[in-house]
Amino acid sequence: MLPAPLKPNVKAGGTMTQSNEISDRIAKDLKARLEQEGEHLQVKDANGEHVGTVDHVEGNQLKLTRSGSPDGQHHYVPLEQVESMDEVAVYLNVAHSDLE
């Protein structure tokens, strides 16, 4: 038997509680890790396709290097599109064609 799908915790006023706080904490942790360890990591989309190379974190975006870009320009990836990272790459939750 499959477990029931998770439902967000909502207070009487309609605001998110614990699940939103966890998501925010995970996002902050990921951003901190990217700022400390993310420079020059590969960036791969949801299909494993190479998207570029991290230059650095700028605000709430990853700034990609110009050298890895076909048009020689910096490109940006919103942090909301980052799924995870390890010592080799940053992994996105969208396909390359769906990047903003």
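Guide: The largest nonpolar core has 16 residues. A nonpolar core is a set of buried Ala, Val, Leu, Ile, Met, Phe, Trp, Tyr and Cys residues joined through side-chain atoms within 4.5 Å. Buried means under 20% relative accessible area, exposed means over 50%, and partly exposed is in between (1.4 Å probe, protein chains only). Leu 34, Val 43, Leu 62, Val 82, Val 90 and Leu 92 have the most contacts inside this core. Two or more residues each come from α1 (18–37), β2 (50–58), β3, β5 (82–85) and β6 (89–92). The largest share, three residues, is from β2. Helices (H or I, at least four residues) and strands (E, at least two) are DSSP runs, numbered from the N terminus. In soluble globular proteins, nonpolar side chains tend to be buried together.

A word on the source. This is a predicted model: local features need pLDDT of at least 70, side-chain atom pairs count only at pLDDT 80 or more, and totals for chains, interfaces and linings use all residues. Residues are numbered from 1 along each chain as its sequence is written, and side-chain values use heavy atoms, with hydrogens and water left out.

Now take Leu 62. Set aside its neighbours within four places in sequence, and Leu 62 is in contact (heavy atoms within 4.5 Å) with residues including Leu 34, Val 54, Val 82 and Val 90. His 56 and His 75 are also among them.

Next, Lys 44. This residue sits in strand β1 (residues 42–44). Lys 44 counts as partly exposed because its relative accessibility is 22%. Beyond its neighbours within four places in sequence, Lys 44 touches Glu 49, Val 51, Ala 89, Val 90, Tyr 91 and Leu 92. In sequence, Lys 44 and Tyr 91 are 47 residues apart, yet their C-alpha atoms are 5.0 Å apart.

Charges come next. The whole structure holds one salt bridge, meaning a side-chain nitrogen of Lys or Arg within 4 Å of a carboxyl oxygen of Asp or Glu. Glu 58 and Lys 63 form this bridge, with their closest N and O atoms 3.7 Å apart. Glu 58 is at 34% relative accessibility, so Glu 58 counts as partly exposed. Lys 63 has a relative accessible area of 14%, so Lys 63 is buried.

Last, a loop residue. His 40 lies between α1 and β1. His 40 is not a glycine, yet its phi is positive, about 70 degrees. At 55% relative accessibility, His 40 counts as exposed.
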